[in-house]
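Keep the model open while reading.

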Amino acid sequence: MHPLIVALALATAAPTTAHAQAAEPDPLAGLRSLLARGAGATTEFYASASTDLTRQVELSNGKRTYIGSGMELHGTGKVKLGRSGVIASEHIRQLSVGNKQLMVDEAAKDPYFAGLLRTVGTLRTVSVGGWQYQLAPRAKSWTRTGRASGAAAAYGDQFINVLEPATLRTLLSTKSRKTVTPWTKDRTTGRKQRIYTLTGTIRLKDLYRVSPSFREAAGTSALGTSEVTWTYMYDDRGWPYRVGWRFYAHPRPAVRGLGDDRILRAHLATQYRNWEKPMTITAPKARPGRGLEVDDLSDVLSAPTRRR
């Protein structure tokens, strides 16, 4: 499992250093300070999702087993903040599909999987100035696909936008667990830091109610009883460090897979870094046109009804 998905261990030793005696950070105040100065960050993300596509196959030893088709994606990006949230974002994702032939066969009758296959490879998306831009896999030029918020590029795969004050406030009010790490040095930046980890669960329909970026990404309010388990990590300044979500279908009979049972399990984690550095996101040269119908994980939520 990738390190972005692994939760950090709970600190058990009593604080003895000057660092440890500092006041505990307020994550809402930390976010507000970043919003006030128009900060930005680089991002790194990893995800996987399992579909309900399965097939029985015969092994070389004559035994039969079932194989399934799923997705893995990873990439990097940028976010730029304004006074109320993300005003610009960039997302570069690489998508691969396991046991691809199962999805190819299903695509003949399912437009969601047909659209998903078109995004295999590297997809670049930029949202800035009220517009969204897309460079599709194997395309040579950018397309301006339509109006969009500045958060649209970064918050289609990532459902949980902790850079929205209302969303973060809701998560803080519903957390079920909190842990704190000892002071350690970040392996990438070299900064000495302490990480606070919160976990909880939120229904997608409740997330839809409080999060403008999730409403934009989901494209539908018909989200049933589905819920995600979230993890939010912030540092000793109260600044966002990492956020992730997990989904499992059928923990109870009433919970179906996402998108008419298409996705049964999924998780995604996003790492934020370099909040101290200046950040600029600019629009690429592009021509108006039609974007890909399926370009992020949230598109499954509004996918058309399947033909059985």
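Glutamine 134 has threonine 143 of strand 6 as its bridge partner. Strand 5 (residues 131-135) and strand 6 (residues 142-147) run antiparallel, joined by four bridges. Strands pair if DSSP finds at least two bridges between them. Helices (H or I, at least four residues) and strands (E, at least two) are DSSP runs, numbered from the N terminus.

This is a predicted model: local features need pLDDT of at least 70, side-chain atom pairs count only at pLDDT 80 or more, and totals for chains, interfaces and linings use all residues. Residues are numbered from 1 along each chain as its sequence is written, and side-chain values use heavy atoms, with hydrogens and water left out.

**Around strand 6**
- Six residues lie between the strands in the hairpin of strand 5 and strand 6, and arginine 138 there takes a positive phi near 70°.
- Strand 6 also pairs with strand 14 (residues 286-288), in the parallel sense, over three bridges.
- Tryptophan 142 has alanine 286 of strand 14 as its bridge partner.
- Arginine 144 lies over the face of tryptophan 131, 3.9 Å from the ring centre.
- Arginine 147 lies over the face of tryptophan 131 too, at 4.3 Å.
- A charge sits over a ring if NZ of Lys or CZ of Arg is within 6 Å of the ring centre and within 35 degrees of the ring normal.

**Aromatic pairs**
- The structure holds six aromatic pairs (ring centres of Phe, Tyr or Trp, its six-membered ring, within 6.5 Å; planes under 30 degrees apart are stacked, over 60 edge-to-face, the rest tilted).
- One of them is the tilted pair of phenylalanine 159 and phenylalanine 214, 5.6 Å centre to centre with 50° between the planes.
- That pair links distant parts of the chain, 55 residues apart: phenylalanine 159 is in the loop between strand 6 and helix 4 (165-174), phenylalanine 214 in helix 6 (residues 212-218).
- Phenylalanine 159 is buried at 3% relative accessibility, and phenylalanine 214 is buried at 1%.
- Buried means under 20% relative accessible area, exposed over 50%, partly exposed in between (1.4 Å probe, protein chains only).
- Phe159, Phe214 and Trp245 form one aromatic cluster.

- Asparagine 99 has a positive phi of about 45°.
- Asparagine 99 lies in the loop between strand 3 (86-97) and helix 2 (100-107), and is partly exposed at 38% relative accessibility.
- Aspartate 261 has a phi near 75°.
- Aspartate 261 is in helix 7 (residues 258-261), and is buried with a relative accessible area of 15%.
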